[in-house]
Amino acid sequence: MEAVNVYSARILEKQEYFKPGHRACQGCAEALAVRLVAKALGKNVIVASATGCMEIISSPLPFTNWDVPWIHVAFENTAAVLSGAESAYKALARKGRIKDRGTVFLGMGGDGATTDIGLQALSGAFERGHSFVYVCYDNEAYMNTGIQRSSSTPFGASTTTSPAGKKVPGQITWKKNMAEIAVAHNVPYVATACSSYPFDLMEKVQKAARTPGPAYIHVLSVCPTGWRIPPSKSIWIGRLAVETGIFPLFEVVDGRYRITVDVPELRPVEEYLKPQGRFRHLTPEITAVIQERVNYEYRKLVAKTQFKF
Amino acid sequence: MSQTVTLTIDGRQVQAEAGTTLLEAARSVNIQIPHLCSNEELAPYGACRMCMVEIRHGQRTRMVASCIYEVEEGLEVQTATERVLNVRRLVIELMLARNPTHPTLLQMAADLGIEKTRFEVEVKGCILCGLCVRTCREVVGVSAIGFEGRGTTRRIATPFNEAPPDCIACGACSAVCPVDVIPLKEKDGIRTIWKTDYPMQRCESCGRLIAPVKQLEYFAKITNQPLSHFTEHCVHCR
């Protein structure tokens, strides 16, 4: 689908379930990702959304952008609420109180709600094996409250709580690899996606919805406000994140890795770091450290795809 | 101002615009009707027969394909009667006899309580829904492929089974196919589709692959722009 992107946009369904008129910033790639995920899943879906940008911008009282059932939950219990909803649905269907129409349960949260605050509930839901899709929209900081660092913030990024100065080059820890944490739960379907590759993203979401049992999708969502880039560049930056190998797109089906968007030759990470204001302070030495780490991680991923069962 | 008609689907009152189909009306109230050959971008066709429903005219009921039947005032529609399900089971079994392995078909069959077909399996892959042929004609506008033969020998083919002269290697047929039987491969700047190799164009600024050369030539032709308009910059470095 990705290869034929000129025509695949026309072949797709026209109906949107995340309606226009939301209050996201200009160039928000996260809102784009939400729209694509909602479009891929269709009308037969129940959404539980953690607190965060996407909750704020889509539900300012008395309006809503959602054309599907949508529950707003607190930061920490998205996956818990979702597993409850899924269990209730299953029980009611078993007792014949409602008709089982194969409704998909979608959980969504930002990187804060997934990798920091909601991780415990998510881990529990993975372990219990509820049938749901959890999508993490990762914009690499708490953008909604004013760009505070999260455990998903990459090394070297300057945020308001990890400011770059003379002594410290911004964030001093590496980004938490949430997709690998999901893989470690032996979840049947795990994937990474990016809204710069819309058809790849939609295919993965549909695959996740078809999978019985839990599925996890980690979506890199470029945030022009927090990353200090012009709004017109957000799709471009997302593509560079993939082409430099910083955020490779892969899927893991029952433990088997496959790289979905193949990058024959990685571009230098400098191309990705340079246009972003949050990396403006990086010296060539720190860039070299990041480059080394990216090469190492990418080699590790490629080795995993070549693992023979 | 378009007219609105009111009809009943599975006992529910549904408002729909005149001129739309039963399938669209059902979907607007979240009544799922399985279907394979319908796509909003294409003219209704009614090939797969999975979307059969029962409609009532006075005392009599009859079966129609909901993707080509237009909504009518006061129409009574049933989407899941035993008669409807029987037809769908037969149809999916006939399709499984042509393609017994594709997950989409197997899932549809499982929803109807069928595990395998009762007919003799003759693997052809293609279920003759015609989506690829219609997409090529209506969306892309080149008609590079078509149906060949009649009856049991009917199949999708290129003219004279040779390299299709009109094909622009866009791959839309491969993308739209519900059972993934049109292979599309891309390797080292060469795209292979319909057993023909098409070279890909590299962006003159950044060196990334854009699209097959023939596709860009086609774009240049239908938009009356010079070819360089499409090759100088790609979607990435524009």
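The legends below describe close-up views of a predicted model.

**View 1. The two assigned domains of chain B and the contact between them.** In chain B, the domain assignment places domain 1 at residues 4-111 and domain 2 at residues 131-231. The C-alpha centres of domain 1 of chain B and domain 2 of chain B are separated by 31 Å, and the contact between these domains draws on eleven residues of domain 1 of chain B and eight residues of domain 2 of chain B. On the side of domain 1 of chain B that touches domain 2 of chain B, six residues are nonpolar, four are polar and one is charged.

**View 2. The packing of helix 2 of chain A with helix 8 of chain A.** Helix 2 of chain A covers residues 29-41 and helix 8 of chain A covers residues 198-210, and the two pack at an angle of about 45°, with a distance of 9 Å between their axes. Because of that angle, helix 2 of chain A counts as oblique to helix 8 of chain A, and the crossing of these two helices is right-handed. From helix 2 of chain A, the residues in the contact are Ala33(A), Leu36(A), Val37(A), Lys39(A), Ala40(A) and Leu41(A), which meet Pro198(A), Leu201(A), Met202(A), Val205(A), Gln206(A) and Ala209(A) of helix 8 of chain A. Sorted by class, the residues of this contact between helix 2 of chain A and helix 8 of chain A comprise ten nonpolar, one polar and one charged.

**View 3. The contact between chain B and chain A.** Chain B contributes 17 residues to this contact, and chain A contributes 15 residues. On the side of chain B that touches chain A, at least two residues come from each of helix 4 (131-140), helix 5 (172-176) and strand 8 (184-187) of chain B. The residues on that side of chain B comprise eight nonpolar, six polar and three charged.

View 4. When neighbours within four places in sequence are left aside, the residues in contact with His185(A) are Ser123(A), Phe126(A) and Glu127(A). Pro214(A), which is 29 residues from His185(A) in sequence, has its C-alpha atom 10 Å from that of His185(A).

How values were computed:
Residues numbered from 1 in each chain as written. Chains lettered and ligands numbered in written order. Predicted model: local features only at pLDDT ≥ 70, side-chain atom pairs only at ≥ 80, totals over all residues. Domains from an automatic or database assignment. Contact = placed C-beta atoms within 7 Å. Nonpolar A, V, L, I, M, F, W, Y, C, P; charged D, E, K, R; others polar. Axes fitted to C-alpha atoms, helices over the stretch in contact; angles between N-to-C directions. Helix = DSSP H or I, 4+ residues; strand = E, 2+ residues; numbered from the N terminus. Parallel < 35°, antiparallel > 145°, perpendicular 65-115°, else oblique. Left-handed = near helix turned anticlockwise from the far one by under 90°.
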